[in-house]
Structure formats: C-alpha cells, structure tokens
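My plan is to look up a few places and note what I find.

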Amino acid sequence: IGHGHIPLSAIAYASRFRARVNAVEMDPDTLEWGMQGVKAFRMEKQIKVMGIESMNDVLAGSDAVVLTHRLTQKSKWLEEIYPHMNPGTRVLCRTAFGLRALVHEHVQTKRLKGYTTIGTIQSSKSSMESTVCLLA
C-alpha cells in the first residue's frame, strides 16, 4: 500500500519470491507512474498496480501486506485494513525510532489491537535508518 512512483518493494518481492503482487496507490498521478515502472521492468504478469478503491477487494486474498515507508498515518491504515484481512495475514510495516521518527512515523505496535509483533529488524539504535516490524 502506497507504492510511490516506482513500486520497488513490489518489484523486489515479486522477483525474489516469484509471487503475484497487488500494488495499491492512493495518488492518481503516482498510480500512472507505478504502472509505467512495472511495465519498464516487464513485470505486468506478476504485479497488478491499482488504485485505492480496489484495496479492500484484494486484502482478503493476501498472504502479506506491506505498508511502504512513505505512507503516512500507518497506525490509522493498520486499523482500517485489519477487518478486511484473513487471520494469519502478515503485515510488514516500516516504522522509525530516534531521529528517524522526525521523518517517518513511529508505529506503536503495543497499541495496535489484533496484531502481534513477530519480529523487528533494526540496523542499529543510533542510526538514522528505519525499522521494519512484522506483525500478524
């Protein structure tokens, strides 16, 4: 959700795992760029780029959902998508601690009802790099 001008997360996931990916974008201009990016990588059969109006339809059939790093109000989005997902769907949420939280939202996973934190990847506590949190 929120793939941006070039849906690199979708491209990387589809390439690495030979998975079919639904990339959802809210901004119509960015949506068109995303479609062109997928086409440039010749991945139209693996990646379907769609607008936000299609999101709830694809959530129920998803094994994993990725909230990209530029998506704002992640906690709000998590609350919104939760009722539409099947039990066991994995959510990869990019969050931030320390100085990075000035740039990207810190998602307080303890306050998210219905989710359990499976693991957290953080490069170092003193770095400006963001953190990835896997939720179920």
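**Two loop residues**

I began with R42, which is exposed, with a relative accessible area of 75%. I work here from a predicted model. R42 sits in the loop between α2 and β2. I looked up its phi and found a value near 55 degrees, positive in a residue other than glycine. Most residues other than glycine have a negative phi, so I marked the page. Then I turned to R18, in the loop between α1 and β1. Its phi is near 50 degrees, again a positive value in a non-glycine residue. I noted R18 as exposed because its relative accessibility is 75%, and the cut-off for exposed is over 50%.

**The whole chain**

Next I stepped back. I listed four helices and six strands. From the N terminus on, I read their order as α-β-α-β-α-β-α-β-β-β. The chain has 136 residues, and 38% of them count as buried. I also checked contacts between residues at least 6 apart in sequence: 65% of these join residues at least 24 apart.

**Strands β1 and β2**

How do β1 and β2 run, and how many bridges join them? I found that they run parallel, with five bridges between β1 (residues 21-25) and β2. A23 stands opposite V49 in β2. I followed the chain from β1 through helix α2 (residues 28-40) to β2, and this β-α-β crossover is right-handed. Strand β2 (residues 47-51) is mostly covered, with four of its five residues buried.

I then picked N22, which has its place in strand β1. N22 counts as partly exposed because its relative accessibility is 38%, between the 20% and 50% limits. Setting aside neighbours within four places in sequence, I found N22 in contact with K48, M50 and V58. I also took the separation of N22 and V65, which are 43 residues apart along the chain: their C-alpha atoms are separated by 9.3 Å.

**A residue of helix α2**

Is T30 buried or exposed? I put it down as buried, because its relative accessibility is 8% and the cut-off is under 20%. T30 lies in helix α2. Not counting residues up to four places away in sequence, T30 touches H3, G4, H5 and E25.

**Rings**

I searched for aromatic pairs and counted one. Y13 and F17 form this pair, which is tilted, at 4.9 Å centre to centre and 50 degrees between the planes. Both lie in helix α1 (residues 8-17), and they are four residues apart, about one turn of the helix. I looked up Y13 on its own too: it counts as partly exposed because its relative accessibility is 37%.

My other ring entry is W77. K76 lies over the face of W77, at 5.1 Å from the ring centre.

**Nonpolar cores**

Which residues have the most contacts inside the largest nonpolar core? I found L78 and I81, in a core of 18 residues. I traced what supplies this core: α3 (55-59), β3 (64-67), α4 (74-81) and β4 (90-95) each give at least two residues. I then noted a second, separate core of 10 residues, with A10, I11, V38 and I47 among them.

Technical notes. Residues numbered from 1 in each chain as written. Predicted model: local features only at pLDDT ≥ 70, side-chain atom pairs only at ≥ 80, totals over all residues. Heavy atoms only, no water. Phe/Tyr/Trp six-rings, centres within 6.5 Å; stacked < 30°, edge-to-face > 60°. Buried < 20%, exposed > 50% of the residue type's maximum accessible area, 1.4 Å probe, protein only. Lys NZ or Arg CZ within 6 Å of the ring centre and 35° of its normal. Pairing = 2+ DSSP bridges. Right-handed = clockwise from strand over helix to strand, strands pointing away. Core = buried A, V, L, I, M, F, W, Y, C linked by side-chain atoms within 4.5 Å. Contact = heavy atoms within 4.5 Å.
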